Amino acid sequence: MENNRETPNTNDDQTNDTNNVQGIRRGRYVEITSLIYNITEVAISLTAGFATGSSALVSWGVDSIVECNSAAFMIWRLHGEEKGISDREVRKRKMIALSVLSAAFTIAVLFICYEAISKLISQETASLSWWGIGILLVSLVVNPMLAWGKYHYGKQTDSPSLKYDAIDTMICEYQTIVVLIGIGLVQWQGWWWADPVAALLIVPYVAWEAYEAGRDAWAVDVDQTED
């Protein structure tokens, strides 16, 4: 009599592992693209912002520096996951990344507030920068594409970090719109205060991100044991 026994389907497990690694690798490529683009944002927006006295552009550039840090640490973390590092090391990298992000966001809040309030006190009017407007318009197109890539591969690999970063990128889209409106009101309506006010509108989001990243870093238990 033939004895039929169920055996584990190792081929399916291997296929799933391979697909997961490929998804992590592609997610890392998206983060690399995001890092390169955010470096471009920083260079153009800060140069144009300081040259024209635009608090909104400078603040937007400072936030892009934070986005660079976020992308760099995501690349570091995903590279480790792709190489199959231990769960403990993954949690350790997560805690370090979140702690650095929290500190970076906090510094960004302080700088943006200083820059914007100084302009409100001095009542300094920002001049027009086509370079600044150009990078803002490009970002309106690029950010949604980057967000889609992060969310797609985050969903494919069941990575909350990638999906969270996708939401963060779309919030940057809101910031871009706010800065464009602020610059437009200064140039075409003569409302000198619109530029620093646009910068201050970025602060609540950045402050919340600082709190969230710090709270999540504190909650990470590097030495937790699996059930």
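Biologist: Which element supplies the largest share of the lining of the largest pocket?
Modeller: On a 1 Å grid over the protein atoms alone, a pocket is an open set of points with protein on both sides within 12 Å along at least five of seven lines, and lining residues have an atom within 4 Å of a point. Helices are DSSP runs of H or I with at least four residues, strands are E runs of at least two, and both are numbered from the N terminus. With seven residues, the largest share of the lining comes from α3.

Biologist: What pLDDT do local features need in this model?
Modeller: Residues are numbered from 1 along each chain as its sequence is written, and side-chain values use heavy atoms, with hydrogens and water left out. The model is predicted: totals for chains, interfaces and linings use all residues, side-chain atom pairs count only at pLDDT 80 or more, and local features need a pLDDT of at least 70.

Biologist: What is the volume of the largest pocket?
Modeller: A volume is the space filled by probe spheres set on the grid points, which are joined across faces, edges and corners. For the largest pocket it is about 660 Å³.

Biologist: Which residues are closest to the centre of the largest pocket?
Modeller: At least two lining residues come from each of α1 (10-52), α2 (55-82), α3 (87-122), α5 (160-189) and α6 (194-219). Of the 31 lining residues, the closest to the centre are Arg77, Lys94, Leu98, Pro160 and Ser161.

Biologist: How many residues of this pocket lining are nonpolar?
Modeller: Ala, Val, Leu, Ile, Met, Phe, Trp, Tyr, Cys and Pro count as nonpolar, Asp, Glu, Lys and Arg as charged, and the others, Gly among them, as polar. The lining of the largest pocket has ten charged residues, six polar and, as nonpolar, 15.

Biologist: What is the volume of the largest cavity?
Modeller: A cavity is a set of grid points where a 1.4 Å probe fits but cannot get out. Three cavities of 30 Å³ or more are counted. The largest has a volume of about 50 Å³.

Biologist: Which helix gives the largest share of the lining of the largest cavity?
Modeller: The lining includes Thr52, Ser54, Leu57, Ile183, Val186 and Gln187. It divides into five nonpolar, five polar and one charged residue. The largest share, three residues, comes from α5.

Biologist: Which residue takes a positive phi just after α5?
Modeller: The chain has six helices and zero strands. Just after α5, a positive phi of about 75° is taken by Gly190.

Biologist: Why does Thr52 count as buried?
Modeller: Thr52 is found in helix α1. Leaving aside neighbours within four places in sequence, it is in contact (heavy atoms within 4.5 Å) with Thr125, Ala126, Ser127, Leu128 and Ser129. Buried means under 20% relative accessible area, exposed over 50% and partly exposed in between, with a 1.4 Å probe and protein chains only. Thr52 counts as buried because its relative accessibility is 12%.

Biologist: What is the relative accessibility of Asn38?
Modeller: Asn38 lies in helix α1. Not counting residues up to four places away in sequence, Asn38 touches Ser64, Glu67 and Cys68. Asn38 counts as buried, with a relative accessibility of 6%.
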